[in-house]
Amino acid sequence: MEPLEKGFYYQPTLELAKALLGCFLIKETPFGTASGIIVETEAYMGPDDRAAHSFEGRRTKRTEVMFGEPGFAYTYSMHTHCLLNVVSGKIGQPHAVLVRALEPFSGKELMAERRPKAKNEIEWTNGPGKLAKALGITMSDYGHPLDEPPLWISKGMNIDPRDIAIGPRIGIQNTGEAVHYPWRFWISGNKFVSPKTQ
DNA sequence: TCGCCGATTGTCT
DNA sequence: GACAATCGGCGAA
């Protein structure tokens, strides 16, 4: 599997969020490599999106990576968990795509070890915090370019546009109109998408 | 520094 | 369905 070239990330954020569906997300660690197929994403559109950390161009140490080149990792810690975003938008345009769910592909033994509380394979990676834990993604991956080890994305299967389902994002109450924006995408019928999705 | 809050998950009722 | 876990970012003091 070859990493997606940097040019791939230079497309409109909503397009990128859809294009990432079906791609492989791979993480290599000293303990081994684990990977999965991206089956659910959400777009966060910087300046005009009240739900985005970069709303109104807010530029801080945390959001800094979103103002740079697309194709880098924006990791964010939420309560006890770590969430992975793919930086999108041209330089100076702070957009990102949140990876919400994966279909386990390789390194399943590792995932089972890292997700001892999961009752089955589906629960290894059917949520943003879960998939980060299953693959061993942490805050130390902040700012990492996604076209080289140890954390990278490669082209996967082609997804028929008719198989892409669209809906509102999850978990962003108190963000006004932004709650309703249809900026979440998933592979229709895939059983590894997050709960409440289908 | 202090206090509050959250793009979640897991457990308990 | 309710709520605790648990910690860094952010804004105010």
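**Exercise 1.** Determine how many residues of helix 4 (residues 128-135) in this predicted model are buried, and state what helix 4 packs against.

*Solution.*
Step 1. Helices are DSSP runs of H or I with at least four residues, strands are E runs of at least two, and both are numbered from the N terminus. Buried means under 20% relative accessible area, with a 1.4 Å probe and protein chains only.
Step 2. By that criterion Pro 128, Gly 129, Leu 131, Ala 132, Ala 134 and Leu 135 are buried.
Step 3. Six of the eight residues of helix 4 are therefore buried, so the rest of the structure largely encloses this helix.
Step 4. With contact taken as heavy atoms within 4.5 Å, the buried residues pack against strand 1 (24-29), strand 2 (32-45), strand 4 (81-88), strand 5 (95-106), helix 2 (108-114) and helix 3 (122-125).
Step 5. Gly 136 follows helix 4 and has a positive phi, near 80 degrees.

The model is predicted: local features need pLDDT of at least 70, side-chain atom pairs count only at pLDDT 80 or more, and totals for chains, interfaces and linings use all residues. Residues are numbered from 1 along each chain as its sequence is written, chains are lettered from A and ligands numbered from 1 in the order in which they are written, and side-chain values use heavy atoms, without hydrogens and water.

**Exercise 2.** Identify the residues that surround DNA strand C and the polar side-chain atoms that lie by its phosphate oxygens.

*Solution.*
Step 1. Taking near as a heavy atom within 4 Å, the residues around DNA strand C are Arg 58, Thr 60, Arg 62, Ser 77, His 79 and Thr 80.
Step 2. Of the atoms of DNA strand C within 4 Å of the protein, sugar and phosphate make up 83%.
Step 3. A polar side-chain atom of Arg 58 is 2.2 Å from a phosphate oxygen of DNA strand C, and one of Arg 62 is 3.0 Å from a phosphate oxygen.
Step 4. For His 79, a polar side-chain atom lies 3.3 Å from a base nitrogen of DNA strand C.

Notes. A polar contact is a pair of N or O atoms within 3.5 Å; within protein, one must be able to donate a hydrogen and the other to accept it, and residues adjacent in sequence count only if both atoms are side-chain atoms. Buried means under 20% relative accessible area, exposed over 50%, partly exposed in between (1.4 Å probe, protein chains only).
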